[in-house]
Amino acid sequence: MPSPETIFIESGPLSARFRSDWGGRMTHLVHAEMGDILAPTQADVFEPYNWPRAGAYPLVPYHNRVYGASFVESGKTHRLLPHPALTPDAMHGPAHRRPWHVASAAEDRVTLQLNYEADDEWPFSFVAEQHFRLEPDRLIVELSIINSSDASAPVSLGWHPYLAVPLSSHAETDARLEYPLDALNVPTGNEAHPRSSRSIPAATGYTLHFRYWSTATVELDKGTLLLEADPIFEYLAVHRMEKYLCLEPVSMAAGALCLPETERESRGLRTILPEGRLSGRISLSIRG
């Protein structure tokens with residue numbers, strides 16, 4: 001049974017559940033005929049550093065690995081609290097491990113908000129929002145971040161869904177470029193190169209990082225999933241395991257925060273002024 005803290009929205013055959021206190025996580029997305037669209041969250045307890053590999057969560061204000069848990073902004077080195085299992089590195093930003101609150105809710109939509117105060121995990125305060133809206137045939141996710149600190153701050157947005165997609169399902173994206181990766185699956189300093197195929201491999205345990213995409217599609221037994229996003233989400237991170245496929249629209253290339261300041265903008269990392277805002281929309285359509 002859903003927890004009393006669970007938020008529920010629906011539209012036609014689509015329904016979704018959320019736990020705002022679990023890092024602003026969407027725990028379930030279900031189609032009445034097609035079944036689970038996201039791998040359902042089955043955990044009873046939320047562990048912030050061992051989060052469920054299910055549902056979907058926000059990637060704010062950065063995603064992927066920060067080597068040495070440190071970066072430079074305006075000539076100053078900032079040190080972050082490392083992930084306990086990945087020391088000395090930090091991972092995926094702090095927003096998906098913090099409690100969010102429900103800013104507004106209706107039958108088919110909900111807005112979750114996080115008022116983040118600078119601390120050991122991130123040195124700049126911000127206000128982030130996730131707005132979810134269901135239509136009978138799609139989910140629309142709008143993400144935003146406002147720099148509420150008194151200094152310019154680097155920011156990125158992203159969304160990390162675990163799609164309930166078996167290896168037997170064909171998946172592809174029109175992304176034009178693919179980054180060469182290091183031993184930990186983070187893009188190197190080399191430029192992305194043209195892709196030779198649109199297919200997303202039907203294999204397990206890998207990660208890929210793409211640039212310049214507009215659509216990603218997955219063929220299921222009873223229909224098709226279509227992922228699209230605003231141009232700000234220029235990058236797409238892909239991770240696949242036996243029972244799920246992560247297609248993560250992100251506004252910067254993984255590893256960009258570790259690059260020299262002069263090179264970060266070319267990898268999508270924005271630096272915004274106090275009260276500056278970054279936002280964008282993602283759409284996941286379900287076609288029978």
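Residues are numbered from 1 along each chain as its sequence is written, and side-chain values use heavy atoms, with hydrogens and water left out. In this predicted model, local features need pLDDT of at least 70 and side-chain atom pairs count only at pLDDT 80 or more, while totals for chains, interfaces and linings use all residues.

**Exercise 1. Compare the radius of gyration of the protein with that of a compact globule.**

Step 1. Take the rule: 2.2 Å times the number of residues to the power 0.38, with the radius taken over C-alpha atoms.
Step 2. For 288 residues, the rule puts a compact globule near 19 Å.
Step 3. The protein has 18 Å, which agrees.
Step 4. Buried means under 20% relative accessible area, exposed over 50%, partly exposed in between (1.4 Å probe, protein chains only).

**Exercise 2. List the secondary structure, then give the strand order of the open five-stranded sheet.**

Step 1. Count the elements: one helix and 26 strands. These are DSSP runs, numbered from the N terminus: helices are H or I with at least four residues, strands are E with at least two.
Step 2. Read the order: S18-S17-S20-S23-S24, with antiparallel pairing.
Step 3. Find the edges. S18 (193-194) and S24 (245-250) each pair on one side only. Two strands pair if DSSP finds at least two bridges between them.
Step 4. Check one pair. Two bridges join S17 (residues 177-178) to S20 (residues 206-211). Glutamate 178 stands opposite phenylalanine 210 in S20.

**Exercise 3. Explain why strand S12 is largely enclosed, and name its partners.**

Step 1. S12 covers residues 126-135; seven of its ten residues are buried, so the rest of the structure largely encloses this strand.
Step 2. Eight bridges tie S12 to S11 (residues 109-116), running antiparallel. Here asparagine 115 has valine 127 as its bridge partner.
Step 3. Ten bridges tie S12 to S13 (residues 138-147), also antiparallel. Glutamate 129 faces serine 144 in S13.
Step 4. A hairpin of two residues links S12 to S13.

**Exercise 4. Is tryptophan 51 buried or exposed, and what does this residue contact?**

Step 1. Locate tryptophan 51: the loop between S4 (35-36) and S5 (56-58).
Step 2. Its relative accessibility is 6%, so tryptophan 51 counts as buried.
Step 3. Leave aside neighbours within four places in sequence; the contacts of tryptophan 51 then include His83, His92, His96 and Tyr162. Contact means heavy atoms within 4.5 Å.
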